[in-house]
Amino acid sequence: MIQTRAEVIDRFNKWLGAWDIYDLNGVLDFMHDDIIFENWDGSIVSGKTDLKVAWSLWFRHKNFRFTTEDLFFDEEKQNITFTWSLEWPSLEKNYFGRKEMRRGVDILFLMDGKIYRKNTYSKTAFQIESALVRMSAE
């Protein structure tokens, strides 16, 4: 199913709204049942059911906030690319719980009007409070 730019952007904005209120079911509503979700750390979750399990604890904490910085939609290919920033309590060693800001980009591939593949890429340096921190191999 090919959707127009207006249809996709409307659905995408509702999806972002679900993130803003920590509505996991609302977020998953825009995901295809056979979603392949590739996280910034290289881990992959396949299927909406497994993604819900993987995200349940994270959503329960209600302590993260995504902000969309820019958005591109290819109507012919039905792909969305958007840059984002994330603020949350850090999970990094030596910084646990301190305010972290991370930036990245997601490439979303749509099928039947839903996201069937989500590739996430993150910068290898991020800000924790006022310090620039680089990811390590540890």
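How many bridges pair strand 4 with strand 5, and in which sense do the two pair? Strand 4 (residues 79-89) and strand 5 pair in the antiparallel sense, over eleven bridges. Two strands count as paired if DSSP finds at least two bridges between them.

Before going on, a word on what you're looking at: this is a predicted model, where local features need pLDDT of at least 70, side-chain atom pairs count only at pLDDT 80 or more, and totals for chains, interfaces and linings use all residues. Residues are numbered from 1 along each chain as its sequence is written, and side-chain values use heavy atoms, with hydrogens and water left out.

**The whole chain**

The chain has three helices and eight strands, in the order α-α-β-β-α-β-β-β-β-β-β along the sequence. Helices (H or I, at least four residues) and strands (E, at least two) are DSSP runs, numbered from the N terminus. The C-alpha atoms fill a box of roughly 45 × 30 × 25 Å, taken along the principal axes. Of the 138 residues, 38% are buried, where buried means under 20% relative accessible area, with a 1.4 Å probe and protein chains only.

**Strand 5 and its partners**

Strand 5 covers residues 99-111, and strand 4 is one of its partners. Strand 6 (residues 114-122) runs antiparallel to strand 5, joined by eight bridges. Strand 7 (residues 125-128) also pairs with strand 5 in the antiparallel sense, over two bridges. Here are some of the bridge partners:

| Residue | Bridge partner | Strand of the partner |
|---|---|---|
| serine 85 | arginine 103 | strand 5 |
| methionine 101 | glutamine 127 | strand 7 |
| methionine 111 | lysine 114 | strand 6 |
| phenylalanine 73 | isoleucine 80 | strand 4 |

**Two hairpins**

Strands 3 and 4 form a hairpin with four residues between them, and glutamine 78 in the turn has a positive phi of about 60°. Strands 5 and 6 form a hairpin too, with two residues between them; in that turn, aspartate 112 has a positive phi of about 55°.

**Two faces of strand 5**

Which side chains of strand 5 are buried? Glu100, Arg102, Gly104, Asp106, Leu108 and Leu110 point to one face and are buried.

Terms used:
Buried means under 20% relative accessible area, exposed over 50%, partly exposed in between (1.4 Å probe, protein chains only).
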